[in-house]
Amino acid sequence: MKFNMFKRFAAAGLAAVMTAGLLAGCGGKKAETNSSGDEVVELTWWQIGDAQKDQDQVLDKVNEYISEKIGVKLKVNTAGWGDYDQKMQVVINTGDDWDLCFTCSWANNYLQNANKGAFLQIDDYIKDTEMYKTIDERFWEAAKVQDKTYGVPSEKEIGSMPMWVFTKEYVDKYDVPVDEIHSLEDLEPWLELIKEKEKDVVPMYLTSSYSAPIYMDLIQNPVDIEYGDDTLTVKNVFETEKMKSTLDTMRKYYLAGYINKDAATASDDKAVKRFVTKGDGQPYAELVWGKDLGYEVVATPIMDTYVTNLSARGALTAINAQTKHPEKAVELLNLINTDEYLRNLLNYGIEGEHWDKVEVPADEAAEAEGKPYVYENKIKLNEETRKNYSVSYWVQGGLFNTYVLENEPVDKWATFKEFNDSSVEAPSFGFDFDLEPVSTEVAGFGNVLDEFGKSLYTGSVDPEEYLPKLQEKLEATGIDKVIEEMQKQIDEWKEAK
Amino acid sequence: MRVNTKKADKPKGNFLSRLKANKELLILSMPGAIWFLFFAYLPLFGILVAFKKFRLSGDGFFYNLFTSETVWFDNFKFLFSSGDAWIIVRNTVLYNFTFIILGVAVPVVLALLLNEIKNKGMMKIYQSSMFLPYFLSWVVVSYCVFAFLNPEKGYFNAVIQQFGGEPVSWYTETKFWPFIIIFMSQWKGMGYNTVVYLASICGIDKTYYEAAVLDGATKWQQIKYITLPLLKPVITILLIMSVGGIFKADFGLFYQLPKNSGPLYPVTNVLDTYIFRALKTSGEIGMSSAAALFQSTVGFVLIMIANKIVSKVDNENALF
Amino acid sequence: MAGKVMSKRKMEKRIKKIEAEECRYNQIKTPTNIIFNILLTVLSLICVIPFIFVIIISFTDEASLSMNGYRFIPEKLSFYAYEYIISAGENILRSYGVTIFITIVGTIIGLLLTGTYAYALSRKTYAYRKFFTTVITIPMLFSGGMIANYLIVTKVLMLKDSLWALILPLCLNSFNIIVLRTFFKTSIPDAVVESAKIDGASEWRLFFQIVIPMALPGLATIGLFLTLGYWNDWFNAMMYMDNKDLIPLQYLLIQIESSIDWLANNKATMGVDGITAAANMPKETIKMAIVVISTLPIIFAYPFFQRYFVNGLTVGAVKE
């Protein structure tokens, strides 16, 4: 009886929902036209980040420009950093009305959504666009999932560069040859020295987000492929010799007192005086870190910078598979990525209101002569109004067609470009692991890694004791099956390549 | 089931007259029933997602729901795939069992204490003070607790060292955490939970006490023979309802408070934290629906059992 | 019936009499009273001190906070956290307004819906009692999940970006109904209802004129729960409110907090970009300031409900 009741309720409910859904789909909008008589369509764009006070003002300007140029009006919806994933899950899965959205490897996951069918395959639309030619082909390569493109990449740094970040004060004081230090082991004598000489300085300051240097492409952590391994052998990261010795070294440092005791749970405490810490860098990262910490730092790369799917999918914009205006959406993205005026308007706000153009010093301009992505002017942000409109560069488009700030070198983007060109492709670059056959096993990894990862990486626990425990749990979760599956997939991929 | 027997008892023609006899009460329950139809029953189709490998192939959620492959119970597998499934279930059930017992004992005792003290002004102050922790989120509480337990500059270790003891590494020692977690959960909830019992005591007919006083009953006797028996219906109903939550855990309490510290997992990993960690990378909505459905189903079965037991013993106070 | 309801003056007299009697026979002994008071004072302090701690930290300079850890007497005062919130929030006053509006309207609607539904369930003569109890028991455990709810609220009820989307989903829940039903059952003697029925009172009148006045403590409890629920809600705003002008206070603040948290926790994945995005955000002090800004007003609302929980101030009005 009760069950019947429930069924009847459910049936009635479904019917009601479906009719309502149909009705909603039929609502027609009045067409708006621009001065040349073309229809103007409105596109809804979901972006990550906090809502900006002056967003409407900036969008008015943007719309004025793009409705004339390509017959598009833009509506931007934002969801905060912490909410974006959840919000987009709802927006995408419920089939809400949206046209464009921000996606990447660390929020609103690009690969999953592409696999799921949420994004429009855009290969045919982009072939002849200008942006397809100007954006580094490796970004396009990374944007491919099973040979199909689902998003327009924002051109930025292509690889992440793990670095040791030293406090300049102590480097100068003890004459530390920073440029010669790369591996974890290279640090040892200096950590010892600092421990001895500077009583209130933490020689190696680590926080809970720290992960030991890993020389692998983290495809489905902890099941990964080593950098430079052209045979493409899938390995459990915790079974590699390199990781084992790294963990032993970390433990040694921890016991020697080089590492802060609360490393596994600490969140970055800027007041702690430290000699060295780890950071993931890019060109000019020292400036950002230095500004953040309030004192100068110097950094040295731990290893070469590798290009992986993970790193090259740092920011993309995807189009809804169900959008009614795919051509217009691509046209808009193309314009943003190639039009200097529009790009800077979106990124910095309105000229004269949020920023002003300033001259590039003659000698600097001369020096940058002939380099790519160098503009005739720099810009100065208006101290008063800048906080009313500040968006992250890569949310809306590439970095390289924005102006640089007054205090930045005019060839900043040229340096980025050089950095990208010098980054090495990991052998597994371009390979996507389809985790569907092993999704149950993979779900178990998260817990095991969370439980042991941080304490092992920071040396807080003894690897002799905990590494076997970790292995045991990974095996119980079915890591062998995942390794086998990935090996199978990557062999097929290699074959096809 | 029940309605069936009724129908058998009475001739069918009675349906209309029964409707008529209950017309006024039916009208009173209608607004609520309509609310439940829209906000609780219509969305129940979402449960279907638990049995689907949800993929987007066309326009509209329903199209996608029906075209997605039905995988039956595959989405539930991850709940049992880890070697820790037993520890996680044990933690969840044991903590919740403690919370259910304390969730009645602590507020009832507090309500009685508050009710008995002579100065009503003070009573208001006590009651308001005990409500304050309710307003602090677990994140904020975790910061305050960290100020005490921080291994390097926390107050506790400072005191321990003052007396010549060895500093304790609080966030790696499992043995303290069951107590910390239970204490903090009671601390945060006691003010809120006391309200129901205080209000119940207020609602008790004063004539009972007058009669008891005339008969020369002591205060303790009044509590034992009047207050507690009259609180029994509320206590019973809250107990039955809390049993339904035995597989659900307060995420913040087990995740934020211990600062997600790995070495503490053997005593802090519960179903909700496990599910969160398992799904944060894959984001498969089928799996998260499956997890919720699993928790609900266990809770539902337990509520039914609890209700059955209560209705056997004391039909008046059962849920239905 | 009319003869049985006492006139106001008579009632007051009666209360005086009861209180006088209580004074003579019915109070705990002074030593017990002192012990109870000490106990409650200690408990209250455990609850109040962290709150004061939070207030102090919210006014502490972020740099001196991380230098010295949490201290009761801050080395350096700062209003930066508050300045940051006020400048970051679109319009904090408007958000206060939205929150106050939905809290008041929601609580009133919620009380009406909960009250009528619970009242019908509490009536023993109601033939559909079991059916309607079952109707509310199932959703207590099973829910369709976020996505299904979103579809119903936005596509069926068309409430996207409407204040109703913040009010309606929270105004009723099974827990409140069942608690209130129990209150009605225990605090309203059957005799009262029956005699009123014999006098020809409609259920409607019975509910508004007799039941509501008699069950004030219970209604106040539910009212308090509803008020707190509305005041603290941010989830519905996150789901249904894309209109920046109608964002309630809690969501405004939660957004600031979760952005800061997220950026801090994802340093490793976001690298330098995260640092740039998080630049100038105060971290710990802001969390505390958020607590202060969002809870102080609601704490002042508490006494309004509290007077119904203090024994001796309300007396069952109808007797004999």
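## Interface of chains B and A

Between chain B and chain A there are 4 salt bridges, a salt bridge being a side-chain nitrogen of Lys or Arg within 4 Å of a carboxyl oxygen of Asp or Glu. This is a predicted model, in which local features need pLDDT of at least 70 and side-chain atom pairs count only at pLDDT 80 or more, while totals for chains, interfaces and linings use all residues. Residues are numbered from 1 along each chain as its sequence is written, chains are lettered from A and ligands numbered from 1 in the order in which they are written, and side-chain values use heavy atoms, with hydrogens and water left out.

One salt bridge pairs B:Asp84 with A:Lys473 at 2.9 Å, N to O. Because A:Lys473 lies in helix H19 (residues 463–477) of chain A and B:Asp84 in the loop between H5 and helix H6 (85–116) of chain B, the pair joins two chains. Helices (H or I, at least four residues) and strands (E, at least two) are DSSP runs, numbered from the N terminus. Over all chains, the structure holds 39 salt bridges.

## Composition of the B–A contact

Chain B brings 45 residues into contact with 36 residues of chain A, contact meaning heavy atoms within 4.5 Å. The area buried between the two chains is about 3,800 Å², and carbon and sulfur atoms give 58% of it. Buried area is the accessible area (1.4 Å probe) that two parts lose on being put together, summed over both.

Across this interface, 7 residue pairs are in polar contact, both residues being at pLDDT 80 or more. A polar contact is a pair of N or O atoms within 3.5 Å; within protein, one must be able to donate a hydrogen and the other to accept it, and residues adjacent in sequence count only if both atoms are side-chain atoms. On the side of chain B that touches chain A, at least two residues each come from helix H4 (61–67), helix H5 (78–81), helix H14 (265–268), helix H15 (271–279) and helix H16 (285–313) of chain B. H15(B) supplies the largest share, 4 residues. By class, this side has 20 nonpolar, 14 polar and 11 charged residues. Here Ala, Val, Leu, Ile, Met, Phe, Trp, Tyr, Cys and Pro count as nonpolar, Asp, Glu, Lys and Arg as charged, and the others, Gly among them, as polar.

## Interface of chains B and C

The contact between chain B and chain C takes 96 residues from chain B and 105 residues from chain C. The two chains bury about 9,200 Å² between them, 73% of it on carbon and sulfur atoms.

The rule finds 1 salt bridge across this interface: C:Lys197 pairs with B:Glu24, their closest N and O atoms being 3.8 Å apart. Polar contacts link 19 residue pairs of chain B and chain C, both residues at pLDDT 80 or more. Helix H3 (residues 23–41) of chain B gives 15 residues, the largest share of the side of chain B that touches chain C. That side divides into 65 nonpolar, 17 polar and 14 charged residues.

## Nonpolar surface patch on chain C

C:Ile100, C:Ile104, C:Ile108, C:Leu112, C:Trp204 and C:Phe208 form a nonpolar patch on the surface, with about 580 Å² of accessible area together. Helix H5 (92–122) and helix H11 (203–214) of chain C are the elements that give two or more residues to the patch. H5(C) gives the most, with 4 residues, and C:Ile108 lies in this helix.

Patches are made of residues with over 30% relative accessible area and no salt bridge; like charges are joined within 9 Å, and nonpolar side chains (Val, Leu, Ile, Met, Phe, Trp, Tyr) within 5 Å. Accessible areas come from the Shrake-Rupley method with a 1.4 Å probe; for residues, only the protein chains shown count as cover.

## Backbone features of chain A

A cis peptide bond, with omega of about 5°, joins A:Asn221 and A:Pro222. A:Pro222 lies in the loop between strand S10 (216–220) and strand S11 (223–226) of chain A. A:Leu232, although not a glycine, has a positive phi of about 55°; A:Leu232 is found in the loop between S11 and strand S12 (234–236) of chain A.
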